[in-house]
Amino acid sequence: MREVWTTGRIRAAEDVVLARTQPGALMRRAAFAVSVHAARMLRERSGRVAGCRVALLVGAGNNGGDALWAGAFLRRRGVGVTAVLLAPDKTHTEGLAALRRAGGRVVTAADVSSERSDGDSNALATADLVIDGIVGLAARGGLRPDAAALVERVTAPIIAVDLPSGVDPDTGAVTGPAVAAAATVTFGAYKPLHVLAPAASRCGEVHLIDIGLRPELGEPDFRVLDPGDVAARLPLPKPADDKYTQGVVGVAAGGSTYPGAAVLTTSGAVLTKSGMVRYAGSAADVVRARWPEVIATGSLSDAGRVQAWVTGPGLGTASGARETVREVLAADVPVIADADAVNLLAAHPDLWDAREPGTPLVLTPHEREFARLAGDIGDDHVAAVVAAAKRCDAVVLLKGHSTVIADQDGRVLVHYTGRAWPATAGSGDVLSGIIGALLAAGVEPLFAAGCAAWLHDSAAAIAASGAPTPASLIAEAIPAAIRALEPKT
Ligand SMILES: NC(=O)C1=CN([C@@H]2O[C@H](COP(=O)(O)OP(=O)(O)OC[C@H]3O[C@@H](n4cnc5c(N)ncnc54)[C@H](O)[C@@H]3O)[C@@H](O)[C@H]2O)[C@@H](O)CC1
Ligand SMILES: [K+]
């Protein structure tokens, strides 16, 4: 499990560790790691390290200090290093002295911008690699114009120190010009931007360097599930199980207008776990035709007992749909409410009264549905989703390139996907079915949503395999996604 802390907490931990270490020691450790990754990248790209050229973009703070020290270490390996100073009067003193001692060249941003053709002012044009030390934890807003103008001139790959400059460290928002790095070397702990879109797509591969902060950090602000976490939580049938004991999933979705939503939601449920799936609604014939193993009935009252309900996809918002949501919420079993069910809950506050207190509810809005339910999301998605989860007393999963999932107790999971394959019609219906299957099996709601987001993304990647995929094929790839996890049977 990848653990993530917000910058305020990382800085507090840094202060504790700084107070008991030699001045400059942490920075040199961080910078040395940057130089190691820079050297590796040079070797991979040009087959050598000595003789290559590296340009450093150096801002006013310690992030610039890291870059300068990294430059000094690279000089020792025979690399030609030029530092481009954005704030010559405020440059990190020891870092600058170290680079000069090591034989590095130093120019100002103004020299580079003047487009003189001598070697120094050409530093960016001739670099094999650029190290971004413009700004780190203190970043606010997009790159300032002088920094943005420099970054625009870069053609070589960039290694970001701590984070790509210009992105917001805590929200991952990109509100102006920002660096797009080939790799990021970060220190002490992952920060939100490394896993939150859109900033995460600008990090390249992220390398975490231990600088001794972990004992001072406490509980993380949020977590990212890895394949092992998902495998450990997937419900697998035990020898004594029968079709009922694994948890029966009920699907109350779709209808005569959107029978496809009924099929896709049911597909997600059927393919995620063994046992039984029931369907209740006016698309019963269509569902039965696609999945003969599903017990399909025309109405909720005929459906029989289930251990979790999935509702919302393709349900519409007419009075019949409202009654369906009301009945499902009153059923005293966990519910996953998606799409129209979220819209109905937003539009008809009385529906909340149908809910049995303490019965788990998972809401899975996309951004527009979220706005209807909880207001404008703003730049800080994590804070908005946590607030909505507390207010709705539910697990809230906000869909997006970074799926953010919050429990009402404040725990947060984030799933970042660098791929857009799941962004296809009906894909959310499949996700709902997966969540329903996991809820019915007794998986804790936060992790049912978290594991489902992971499985859905993995299934989409398998189904797409580099080309567009429809939602039906995402559902069909769920078993392959589970097999790839190698859960223990
Ligand atoms: N505290 C420590 O012990 C350590 C800190 N380290 C480094 O120190 C960094 C934090 O350093 P600082 O607190 O000095 O601050 P930064 O280096 O992050 O920021 C420096 C300055 O950049 C400017 N700036 C802010 N937003 C900007 C924008 N959008 N465009 C251009 N310039 C902008 C501001 O004037 C700010 O003061 C970390 O990210 C990390 O790289 C590492 O050396 C590890 C050890
Ligand atoms: K940076």
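## Helix α2

In this predicted model, α2 has 22 residues and reaches 31 Å from its first C-alpha to its last. That is close to the 32 Å expected at 1.5 Å a residue. The expected span is 1.5 Å times one less than the number of residues in the helix. Helices (H or I, at least four residues) and strands (E, at least two) are DSSP runs, numbered from the N terminus.

Which residues of α2 are buried? They are L26, M27, A30, A31, A33, V34, S35, A38, A39, M41 and L42. A residue is buried if 20 or more other C-beta atoms lie within 10 Å of its own, exposed if 12 or fewer, and partly exposed in between, with C-beta atoms placed from the backbone. An α-helix has 3.6 residues a turn, so residues three or four places apart point the same way. Just after α2, G47 takes a positive phi of about 75°.

## Basis of the model

Residues are numbered from 1 along each chain as its sequence is written, while chains are lettered from A and ligands numbered from 1 in the order in which they are written. Because this is a predicted model, local features need pLDDT of at least 70 and side-chain atom pairs count only at pLDDT 80 or more, whereas totals for chains, interfaces and linings use all residues.

## Around ligand 1

Ligand 1 is surrounded by 29 residues. The closest are G61, N62, N63, G136 and A138. Each residue of this shell is near the ligand, with its C-beta atom, placed from the backbone, within 6 Å.

By type, the shell divides into 15 nonpolar, nine polar and five charged residues. Ala, Val, Leu, Ile, Met, Phe, Trp, Tyr, Cys and Pro count as nonpolar, Asp, Glu, Lys and Arg as charged, and the others, Gly among them, as polar.

## H92

H92 lies in the loop between β3 (80-85) and α4 (93-101). With 26 C-beta neighbours inside 10 Å, H92 counts as buried. Leaving aside neighbours within four places in sequence, H92 is in contact with N62, G64, G65 and L68. Contact here puts the two C-beta atoms, placed from the backbone, within 7 Å. A72 is 20 residues from H92 along the chain, and their C-alpha atoms are separated by 13 Å.

## Two domains

The protein chain is divided into domain 1 (2-224) and domain 2 (227-485). These bounds come from an automatic or database domain assignment. The C-alpha centres of the two domains lie 41 Å apart. Where they meet, 14 residues of domain 1 are in contact with 13 residues of domain 2. The domain 1 side divides into eight nonpolar, three polar and three charged residues.

An unreviewed UniProt entry carries the annotation "domain: YjeF C-terminal" over residues 226-485. UniProt positions are in the numbering used here, feature names are shortened, and annotations may be inferred rather than shown by experiment. Over residues 226-485 the chain is 45% helix and 14% strand. The end C-alpha atoms of that stretch are 10 Å apart.

## The annotated binding site

For "binding site", UniProt (unreviewed entry) lists K399, G400, H401, S402, T403 and G428. They span 30 residues in sequence, yet no two of their C-alpha atoms are more than 14.4 Å apart, so they gather at one spot.

H401 sits in the loop between β16 (395-398) and β17 (402-406). H401 is partly exposed, with 18 other C-beta atoms within 10 Å. Beyond four places in sequence, H401 is in contact with A197, Y416 and T417.

T403 lies in strand β17. T403 is buried, with 26 other C-beta atoms within 10 Å. Beyond four places in sequence, T403 is in contact with L397, L398, H415 and A453.
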